[in-house]
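This briefing is intended to be read alongside the sequence and the three-dimensional view. The points that follow are grouped by topic.

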Amino acid sequence: MTKIETTLSTLLLDIGAFYKPKEWHFLTVNGIDLGEGKIELQWIFSKYGVKDEVVLYYALSDYETPVPSLVALIPSSTMGEREIVDMFGLTVEGAQKGLYLDKDSLPHPLRGDV
Amino acid sequence: MKKTIQIPLGSQHISLLEPIRFKFECENETIIGVDADVGFVHRGVELACTRSFEFKQVGYVVARVCGLCAITHSLAYTLAAEKLLGYVANDRIKYLRMLMVELDRIHSHLLCLAHTAENAGFEALFMQIMGDRELVMEVQEAISGNRVQFDYICIGGVNRDLTSELCDLVRKNLMILSEKVEVLIGLFDNNWSLSLKYKGIGVLSLEDAYTYNALGPLARASGLATDVRAETSDFPYEALGYTMIVESTGDIHARNFVRLREIVNSIAMCRNIVDNLPMGEIQEKVKGKPKGEEIVRIEAPRGELFYLVRGNGANILERVRIKTPTFSGIPAMMEVFKGSQYADAPAILASFDPCMSCTAK
Amino acid sequence: MFKAMVEAFKNLFKPVRTINYPAQEISLPNGYRGLIEHDHEACIYCDKCEKVCPPGAILFYQHEEGGKEYHYNPWLCIYCGECVRACPKPDEALWQSETKQQSGVKEDGVNEGWFVWEEACKESREAYAAAKKERKPKMKSEEPLCVS
């Protein structure tokens with residue numbers, strides 16, 4: 001597994017230069033709560049036909065900063081983005097709430113302070 | 001005047017096993033737009049894994065995410081935890097785990113085929129396949145001690161050994177099953193009314209498969225050669241006669257054929273495992289607390305299952321991320337619906353083999 | 001057409017593949033994972049099974065004089081056998097039988113009755129721990145008195 005650090009502002013450029021649909025399989029978007037309002041976001045890719053090659057882009061952020069959406073580059077990232085919107089209460093451009101949660105359920109359950 | 005009509009499918013529908021809602025935007029009979037709602041059975045497993053359970057118990061918790069691929073979930077988590085603890089299982093444990101995963105794949109694929117047949121209007125074939133599926137369920141029940149919740153894999157090994165009587169049972173039942181699968185292959189290939197419902201319907205092109213990151217049998221039916229069994233080195237699949245099965249047409253017929261031929265391949269692999277089982281301990285003590293971050297990918301019956309586990313040296317884990325195959329397959333599924341007839345929607349949906357309790361976890 | 005007729009006619013005489021359930025018993029395989037059984041004489045009350053149980057189906061009630069009481073909820077149990085593997089005296093004190101659990105009905109108090117026990121066991125532990133604490137400082141305060 002290769003871990004590459006990036007920032008939210010350069011994410012689209014980094015992934016746009018890296019991602020080729022016929023070479024890389026996009027796995028998912030992941031969020032990890034680090035406590036004290038910090039959050040680590042991860043974008044994970046695996047290579048077709050090669051053993052054990054996984055690339056993980058990560059960026060540190062907080063709850064308020066809007067996260068850029070990858071839908072223009074990778075259409076299938078919409079599911080993962082909708083999930084982090086629900087689970088961590090982040091704002092992602094173009095992703096609505098309500099994939100898993102209802103209006104009356106606990107907001108952002110995976111945040112550390114819940 | 002509005003030219004299109006909206007027709008919902010679900011959340012409760014006769015062709016669905018689990019709750020999912022599709023909103024189809026139809027122009028006459030043709031679907032031109034799809035919207036999906038998948039979160040009806042959300043149970044918060046990820047939260048429970050990091051709050052209420054210790055890392056040794058989480059393997060039994062994630063097995064409850066899904067009834068059909070319970071063994072794959074617990075295997076993926078166990079592998080991640082073992083990697084964090086720095087433990088490598090011996091060959092016997094690896095072979096026994098692979099045997100259960102392959103048996104699981106056979107019965108899950110049979111269920112999907114039965115369901116596709118039922119949704120195409122072939123009730124009798126559904127019953128016949130479900131009857132044949134009992135052969136595999138019987139073996140799994142005898143090996144693990146329970147029909148659905150196997151709880152077979154634990155950190156540091158497996159919970160039960162494979163005795164010689166069980167080996168005989170596996171050989172006997174798989175022998176009967178392989179004959180029945182041959183008959184099924186003939187039936188799915190040659191039956192005229194099935195071909196009307198399957199051939200050329202619900203096509204996912206190779207280009208779309210790449211764009212929407214299709215996975216599992218859905219991708220392999222379109223000609224995208226991806227299989228986690230060939231892309232990871234956790235298990236010695238090549239040594240046991242694994243071959244990747246790829247079709248090219250991408251329709252329901254191709255997906256059925258990927259599944260049928262994978263069953264044949266899995267049966268051969270199970271036989272190889274039973275015949276060449278290495279000696280060794282089946283359970284070893286693993287000490288320590290998980291620390292660090294680990295990624296595990298396993299080929300579940302429906303495609304790639306992904307686990308990310310992070311621990312900080314405490315008994316309770318920091319994060320367990322579960323990405324299930326159906327979850328990342330949904331964008332590709334919605335693409336397939338566009339342009340097909342509304343009447344074909346149930347059969348197309350069944351051919352994806354969607355698992356909603358996996359998706360909403 | 002003729003072939004199909006022959007096939008249909010043959011099916012009339014084939015044995016049925018389903019089981020006539022309530023009338024006919026379901027045969028369980030050897031080694032079926034059933035109920036957890038406990039022998040209170042052999043048990044050494046080390047609480048290991050309680051700690052490893054994933055759903056928390058085993059509880060020990062702490063009596064004030066020091067003894068412990070075993071409680072088991074067969075409907076909460078997932079029959080994984082983790083407790084038996086953790087037990088220092090397996091097969092004597094704790095073992096897994098092959099009997100299948102019957103469905104619970106309202107009278108069994110599957111949930112409500114168990115919640116009461118959970119609460120009671122927790123309180124008994126706390127009361128015991130508090131009593132132990134109380135006893136200890138007393139002994140300490142007695143000691144200097146004796147010396148002087």
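In this predicted model, C:Gly104 lies in the loop that connects β4 (94–96) and α4 (112–147) of chain C. With 15 other C-beta atoms within 10 Å, C:Gly104 is partly exposed, since a residue counts as buried at 20 or more such atoms and as exposed at 12 or fewer. Leaving aside residues up to four places away in sequence, C:Gly104 touches C:Trp75 and C:Val110. C:Asp91 is 13 residues from C:Gly104 along the chain, and the C-alpha atoms of the two are separated by 27 Å.

**Contacts between chains**

- There are 2 pairs of chains in contact, and chains A and B share the most contacts.
- Chain A and chain C do not touch, and 21 Å separates their nearest C-alpha atoms.
- Between chains B and C, 13 residues of chain B are in contact with 11 residues of chain C. The chain C side of this contact consists of 7 nonpolar, 2 polar and 2 charged residues.
- Between chains A and B, 24 residues of chain A are in contact with 29 residues of chain B. On the chain B side, two or more residues come from each of α1 (45–51), α8 (206–211), β6 (291–300), β7 (303–312), β8 (319–323) and α12 (325–337) of chain B.
- The element that gives the most to the side of chain B that touches chain A is α12(B), with 5 residues. By class, that side of chain B has 13 nonpolar, 9 polar and 7 charged residues.

**Helix α2 of chain A**

- Helix α2 (residues 78–88) of chain A is mostly covered, with 11 of its 11 residues buried.
- The buried residues of α2(A) include the charged residues A:Glu81, A:Arg82, A:Glu83 and A:Asp86. Also buried in α2(A) are A:Ile84, A:Val85, A:Met87 and A:Phe88, among others.
- The cover over the buried residues of α2(A) includes two strands of chain A, β2 (24–35) and β3 (38–47), as well as α12 of chain B. Helix α12(B) is also the element that gives the most to the side of chain B that touches chain A.
- After α2(A) comes A:Gly89, which has a positive phi, near 65 degrees.

**Overall form of chain A**

- Chain A has 2 helices and 4 strands, in the order β-α-β-β-β-α from the N terminus on.
- The C-alpha trace of chain A spans about 45 × 25 × 25 Å along its principal axes.
- Of the 114 residues in chain A, 36% are buried.
- Among contacts in chain A between residues at least 6 apart in sequence, those joining residues at least 24 apart make up 46%.

**Overall form of chain B**

- Chain B contains 14 helices and 8 strands. Its radius of gyration is 21 Å, close to the 21 Å that the globule rule gives for 361 residues, so chain B is as compact as a globular protein of that length.
- A box of roughly 70 × 45 × 35 Å, taken along the principal axes, is filled by the C-alpha atoms of chain B.
- Of the 361 residues in chain B, 55% are buried.
- Of the contacts in chain B with a separation of 6 or more, 70% are between residues 24 or more positions apart.

**A helix pair in chain B**

- Helix α4 (residues 91–119) and helix α13 (residues 345–352) of chain B have axes that come within 8 Å and cross at roughly 180 degrees. Angles over 145 degrees count as roughly antiparallel, and therefore α4(B) is roughly antiparallel to α13(B).
- From α4(B), B:His115, B:Thr116 and B:Asn119 meet B:Pro346, B:Ala347, B:Ala350 and B:Ser351 of α13(B). The residues of this contact divide into 3 nonpolar, 4 polar and no charged.

**Confidence in chain B**

- The average pLDDT of chain B is 86, and 100% of its residues score at least 70.
- Within chain B, confidence is highest in helix α11 (residues 252–275), at 90, and lowest in helix α7 (residues 192–198), at a mean of 78.

Technical notes:
Residues are numbered from 1 along each chain as its sequence is written. Chains are lettered from A and ligands numbered from 1 in the order in which they are written. This is a predicted model: local features need pLDDT of at least 70, side-chain atom pairs count only at pLDDT 80 or more; totals for chains, interfaces and linings use all residues. pLDDT is the predictor's confidence in each residue, from 0 to 100. Two residues are in contact if their C-beta atoms, placed from the backbone, lie within 7 Å. Axes are lines fitted to C-alpha atoms, for helices over the stretch in contact, and angles run from 0 to 180 degrees between N-to-C directions. Angles under 35 degrees count as roughly parallel, over 145 as roughly antiparallel, 65 to 115 as roughly perpendicular and the rest as oblique. The radius of gyration is taken over C-alpha atoms; the globule rule is 2.2 Å times the number of residues to the power 0.38.
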